[in-house]
Amino acid sequence: TWHAEAQTQARETGVTLLEGSVFYGDLTQSPWYAYLGKEYIDFAPFYSFIPYNDPLNKQYFRPLAQDTASAGFQNKNILSEFSLFRTDSTNSHDQQLNNFAYEFIYRFKLPNANNFKIGASYINNINKTQSGLENLSATGNTHLPAIDINAFLTWQPFNLIGEYDSTLKRV
């Protein structure tokens, strides 16, 4: 099954594509899927219940929409996705998909409709992805890898969230 969607913004200078992609897959038939377009990179779920502002880890580490090619696997227990994306973070090969991210989440089904999820993500370059770590002077135009480790527990009416994000290089 093919699916396409786009989100645009009209400005005085014209129309800007904020997000847009073509999705291929039918999760009711197969756990495999792929998409291509300008999408948010799947790096970390950034769980939150705050309606008015995002937690600090999301403000600093969530990459915004990039030119992305992704493929993934999703069933009732596993979410696994690999993404290639392009930023202007390297001096050469700017027109290529020159960075990647990987996300893995495992879902445990607990008794009485309770759930537990645990996951990890890696992005090989968060620099110049329009995240809060954008254009760090200490890193110049080099790669800045980052990781995310997360857990989410639903127990009765309570949700417990744990998430750790860090760069793998000193900034």
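Is Trp155 buried, exposed or partly exposed, and what is its relative accessible area? I looked: Trp155 is partly exposed at 49%, where buried means under 20%, exposed over 50% and partly exposed in between (1.4 Å probe, protein chains only).

A note on the source: this is a predicted model, with local features needing pLDDT of at least 70, side-chain atom pairs counting only at pLDDT 80 or more, and totals for chains, interfaces and linings using all residues. Residues are numbered from 1 along each chain as its sequence is written, and side-chain values use heavy atoms, with hydrogens and water left out.

Next I searched the whole structure for aromatic pairs and got seven. Rings of Phe, Tyr and Trp (its six-membered ring) pair with centres within 6.5 Å; planes under 30 degrees apart are stacked, over 60 edge-to-face, the rest tilted. Phe23 and Tyr33 are stacked, at 5.7 Å centre to centre and 20 degrees between the planes. I checked their cover too: Phe23 is partly exposed at 23%, while Tyr33 is buried at 9%. Trp155 and Phe158 have ring centres 6.3 Å apart and planes at 20 degrees, so this pair is stacked. Phe158 is exposed, with a relative accessible area of 52%. Ring pairs also link Phe82, Phe100 and Tyr122 into a cluster.

Last, I looked for a charge over a ring (NZ of Lys or CZ of Arg within 6 Å of the ring centre and within 35 degrees of the ring normal). Lys117 lies over the face of Phe152, at 5.0 Å from the ring centre.
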